[in-house]
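Here is my note on the model, as numbered points. Please read it with the coordinates open.

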Amino acid sequence: MSIQWFPGHMHLTRKAITERVKEIDVVIEMLDARLPGSSANPLLAELTSGKPTLKVVNKQDMADPERTALWQAHYNAQPHTRAIPLDASDTAPARAIIAACRELAPNRGGMVKPMRVLICGIPNVGKSTLINTLMGKRSAKTGDEAGITRNEQRLALADDFYLYDTPGMLWPRIVVPESGFNLAASGAVGRNAYDDQEVALELLAKLKVAYPSLLEGRYKLGLALEAIASMPDEDVLEAIARKRGALAVGGHANWQKAAELLIADYRSNSIGRITLETPEMFAQWLAAGNKADAERQNRKKERGNKPSKPRKR
């Protein structure tokens with residue numbers, strides 16, 4: 001299954017960013033520390049090409065610290081890019097963000113040349129929560145569902161520092177299947193765009209290999225870690241269903257209830273600190289996704305170039 005979600009208001013966001021970026025000094029892209037590669041918007045990279053970029057790796061308190069360090073090093077090695085891990089509930093993130101932006105655009109500042117910063121991110125990445133923390137008041141709407149913010153806002157973090165907030169935006173077509181599942185698991189796409197059971201099984205495929213001890217600790221499966229890592233994904237989900245009482249009539253596993261339970265536990269950090277991808281893993285997924293997409297485009301082009309059959313009279 002391919003997961004896609006690009007509501008109409010995201011087209012308007014794309015147009016707004018295209019216009020606003022012309023006068024922006026630094027772009028802040030908020031990423032989900034649990035899936036930094038999948039939550040980085042390739043369309044945003046295209047729209048803001050050439051602008052200094054600050055990658056705010058948000059929700060770091062919910063992510064694997066070792067993998068967060070890998071992602072921070074990965075982004076800091078890129079030109080005109082800085083990365084800082086952050087927890088959106090931090091009581092004093094403004095100082096770090098303002099300092100990083102000034103480092104990226106040292107020639108901006110003061111009342112004559114105030115710093116103009118655009119903050120972007122996928123839906124439900126915690127951008128509104130961060131903005132409210134930065135402003136010390138409820139300036140932006142927050143919520144657990146994707147797509148809460150719908151309009152651009154201009155906020156003053158300092159006398160010479162203006163922050164332009166934009167609605168969360170995905171990209172028109174997700175070419176990396178793994179990213180689609182990771183985004184769905186995190187809550188970045190609308191509920192009507194994915195199947196809970198498929199997402200839960202894809203999530204388990206990663207968790208059982210990278211974090212079997214966390215699965216055992218949360219669900220008390222009573223299995224050796226090696227056994228959990230080697231079990232079919234369906235068997236792990238069934239074991240979770242039985243341990244948590246997610247059963248249907250006749251004592252059979254209630255797959256839907258078990259899937260919803262697993263996804264909710266992942267989103268609430270009840271399983272533990274988890275990061276679903278490393279820079280190396282994501283690079284491999286991206287290469288395979290781009291190759292498959294290129295092949296799909298070629299097949300589409302070939303079909304378009306075939307002469308149509310004459311109509312029968």
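1. Salt bridges: the criterion. A salt bridge here is a side-chain nitrogen of Lys or Arg within 4 Å of a carboxyl oxygen of Asp or Glu. By that criterion the structure holds 14 salt bridges. Keep in mind that this is a predicted model.

2. Confidence. Mean pLDDT for the protein is 86. A value of 70 or more is reached by 88% of the residues. Among the elements, helix α8 (residues 212-219) has the highest confidence, at 98. Helix α1 (residues 8-20) has the lowest, at a mean of 70.

3. Over residues 140-150, pLDDT stays under 50. The model still gives this stretch 32 contacts beyond four places in sequence. Where pLDDT is low, the predicted coordinates should not be read in detail. I would treat those contacts accordingly.

4. Overall make-up. The protein has 12 helices and 6 strands. It has 313 residues, and 48% of them are buried. Take the contacts between residues at least 6 apart in sequence: 71% of these join residues at least 24 apart.

5. E29 and K55. These two form a salt bridge, with the closest N and O atoms 2.8 Å apart. E29 sits in strand β1 (residues 26-32) and K55 in strand β2 (residues 53-58), so the bridge ties together parts that are 26 residues apart in sequence.

6. K208 and D233. This salt bridge has its closest N and O atoms 2.8 Å apart. It links distant parts of the chain, with K208 in helix α7 (residues 196-210) and D233 in helix α10 (residues 233-243). The two residues are 25 residues apart. K208 counts as buried, at 10% relative accessibility.

7. D265 and R244. Their side chains meet in a salt bridge at 3.7 Å, N to O. D265 belongs to helix α11 (residues 255-267), while R244 is in the loop between α10 and α11, so parts 21 residues apart in sequence are tied together. R244 is partly exposed, at 36%.

8. A network. D25, R108 and R116 are linked in a network of salt bridges. Look at these three residues together.

9. The cavity. How many cavities of 30 Å³ or more does a search of the whole structure find? The search finds 1. The volume of the largest cavity is about 40 Å³. Its lining consists of T13, I17, E29, N41, L44, C120, G121, I122, T166, P167 and M169. By type, the lining residues are 6 nonpolar, 4 polar and 1 charged. E29, from the bridge with K55, is one of the lining residues. α1 and β4 (115-121) each supply at least two residues of the lining. Note that α1 is also the helix where confidence is lowest.

10. V21. This residue lies in the loop between α1 and β1. V21 is buried, with a relative accessible area of 8%. Which residues does V21 contact, leaving aside its neighbours within four places in sequence? They are V27, L47, T48 and K51. V21 and V117 are 96 residues apart in sequence, yet their C-alpha atoms are 9.0 Å apart in space.

11. Positive phi at H80. The phi of H80 is positive, about 55°, although H80 is not a glycine. H80 is placed in the loop between α3 (65-76) and β3 (81-85). It is exposed, with a relative accessible area of 61%.

12. Positive phi at N269. Here phi is near 70°, again a positive value in a residue other than glycine. N269 is in the loop between α11 and α12 (279-305). N269 counts as partly exposed, at 24% relative accessibility.

Definitions and conventions:
Residues numbered from 1 in each chain as written. Predicted model: local features only at pLDDT ≥ 70, side-chain atom pairs only at ≥ 80, totals over all residues. Heavy atoms only, no water. pLDDT = per-residue confidence, 0-100. Helix = DSSP H or I, 4+ residues; strand = E, 2+ residues; numbered from the N terminus. Contact = heavy atoms within 4.5 Å. Buried < 20%, exposed > 50% of the residue type's maximum accessible area, 1.4 Å probe, protein only. 1 Å grid on protein atoms, 1.4 Å probe; cavity = no way out; pocket = protein on both sides within 12 Å on 5 of 7 lines; lining within 4 Å. Points joined across faces, edges and corners; volume = space filled by probe spheres on them. Nonpolar A, V, L, I, M, F, W, Y, C, P; charged D, E, K, R; others polar.
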